[in-house]
Amino acid sequence: MPDKDESVQHFLELIRQSRRGKFKVYIGMSAGVGKTYRMLQEAQTLMRNGVDVKIGYIETHGRAETEVQLQGLPVLPRRKLFYRGKELDELDVQAVINLHPEVVVIDELAHTNIEGSKNEKRWQDVMDILDAGINVISAVNIQHIESLNEEIRNITGIEVAERVPDVVLKEADEVVNIDLTADELVTRLKEGKIYAQDKIGIALQNFFQPEKILQLRELALKEVASQVERKIETELPRNSNFRSERFLACISSNHEVARKVIRKTARLASYYQSRWVLLYVQTPKEDGDKIGLAEQRHLINNFKLAMELGAEVIREKQSNIAKGIMEVATRYKVTTICIGKPHLNLYNIIMSTAVFNQLLTKLATSDIDVVILS
């Protein structure tokens, strides 16, 4: 009977996939590379070819060349909301679903919706529209990808608040990089094609420095290459001897270290197009109310972050951390275990336990790798 149930579930999943809309995402290294322009160009081409295409939400930012591309395209009215005494507008998700065009263009995937909206984030609106069987073209900057948050902060010195979980990009049927050289982007900025004149000087001193642009460009290129590799892995026949990678990220209640381990493991899993698991071994010392409310809150937030990045979260109650890791690694057929730096509490606890040698022996016989993340 379980085999029959699995067969039914598989068939239902195939039906859902066939009904779901196709999802195309344009990625750029920064504002001003031309993502919105390209989306509108594509919409114009689709309309000329008789496709029912609608503009769900577009931000031209007053850029003349982008506004020209918008001319003649059917733009859906936005939903009006009052927030803190001001009238603001948002994507009207229900209007899109009711009209049910073949294709809808929705800009700024990472946008946070106004309070009172059905969904907190625009990417969630897009998921609803795709589930309704409507094809979506959207765009996002590389700095808004969740697992790249630490790298973006190191490059730019800026904490990006609006972020898109990596699983959203994995849902995309097509990911396209809009690429410019650093010189081309800076030239566009100086010509006033990205920001107003009064903002150009500040932008050149901060985000639009050539060395920062180069690093962001590299991240964007790598991300798109990773997505292409994912499609090759999922759509081409696999060798029967293929060893499926599975990562296990081990965290402690040290939330700062945990977030780094989570994001870096998510990047590794994304690169290898593999499943990954987050493990928190809860010892008797951390049971119930034995850790502070702040630590509990951070722990929950880290669980949430990991789930957004595509992980299965496991809280394992075990007095021996090394034994807990070993048991979960075996249970989930893990190929790589990821832990923090050697000086971290988790590592010290593992090293100090007698079962660590057993863990190493088990990992060796199971052909499991250990990665110590900086």
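User: What is the relative accessible area of Arg-297?
Analyst: This is a predicted model, in which local features need pLDDT of at least 70, side-chain atom pairs count only at pLDDT 80 or more, and totals for chains, interfaces and linings use all residues. Residues are numbered from 1 along each chain as its sequence is written, while side-chain values use heavy atoms, with hydrogens and water left out. Arg-297 is found in helix 12 (residues 293-308); helices (H or I, at least four residues) and strands (E, at least two) are DSSP runs numbered from the N terminus. Buried means under 20% relative accessible area, exposed over 50%, and partly exposed in between (1.4 Å probe, protein chains only), so Arg-297 is partly exposed, at 48%.

User: How far apart in space are Arg-297 and His-255?
Analyst: In sequence, Arg-297 and His-255 are 42 residues apart. Taken from C-alpha to C-alpha, their separation in space is 9.6 Å.

User: What share of the residues in the protein chain is buried?
Analyst: The secondary structure of the chain comes to 15 helices and 12 strands. Of the 374 residues in the chain, the buried ones make up 47%.

User: Among contacts between residues at least 6 apart in sequence, what percentage join residues at least 24 apart?
Analyst: Contact means heavy atoms within 4.5 Å. Among the contacts in the protein chain between residues at least 6 apart, those that join residues at least 24 apart account for 74%.

User: Which residues of the largest nonpolar core touch the most other members?
Analyst: A nonpolar core is a set of buried Ala, Val, Leu, Ile, Met, Phe, Trp, Tyr and Cys residues joined through side-chain atoms within 4.5 Å. A second, separate core of 20 residues includes Val-261, Trp-276, Leu-278 and Phe-303. The largest core has 62 residues, and those touching the most other members are Phe-23, Ile-27 and Ile-129.

User: How is the pair formed by Tyr-271 and Tyr-272 classified?
Analyst: Rings of Phe, Tyr and Trp (its six-membered ring) pair if their centres lie within 6.5 Å; planes under 30 degrees apart count as stacked, over 60 as edge-to-face and the rest as tilted. By this rule the count comes to 4 aromatic pairs. The rings of Tyr-271 and Tyr-272 have centres 5.1 Å apart and planes at 85 degrees, so the pair is edge-to-face.

User: Which residues do ring pairs link into a cluster?
Analyst: Tyr-271 is partly exposed at 48% relative accessibility, and Tyr-272 is partly exposed at 43%. The cluster linked by ring pairs consists of Phe-247, Tyr-271 and Tyr-272.

User: Why does the pair of Tyr-280 and Phe-303 have its class?
Analyst: The ring centres of Tyr-280 and Phe-303 lie 6.2 Å apart and their planes stand at 55 degrees, so the pair is tilted. The pair links distant parts of the chain, 23 residues apart, with Tyr-280 in strand 9 (residues 275-282) and Phe-303 in helix 12. Both residues are buried.

User: At what distance from the ring centre of Tyr-57 does the charged end of Arg-78 sit?
Analyst: A charge sits over a ring if NZ of Lys or CZ of Arg is within 6 Å of the ring centre and within 35 degrees of the ring normal. The charged end of Arg-122 sits over the ring of Tyr-57, 3.9 Å from its centre. The charged end of Arg-78 also sits over the ring of Tyr-57, at 3.7 Å.

User: Is Glu-146 buried or exposed?
Analyst: Glu-146 is placed in the loop between strand 6 (135-141) and helix 6 (149-156). Leaving aside neighbours within four places in sequence, its contacts include Arg-163, Arg-263 and Glu-308. Its relative accessible area is 4%, which means that Glu-146 is buried.

User: How far apart in space are Leu-180 and Ser-30?
Analyst: Leu-180 lies in the loop between strand 7 (174-178) and helix 8, and is buried, with a relative accessible area of 15%. Beyond neighbours within four places in sequence, Leu-180 is in contact with residues including Met-29, Gly-32 and Val-33. Leu-180 and Ser-30 are 150 residues apart in sequence, yet from C-alpha to C-alpha their distance is 9.8 Å.
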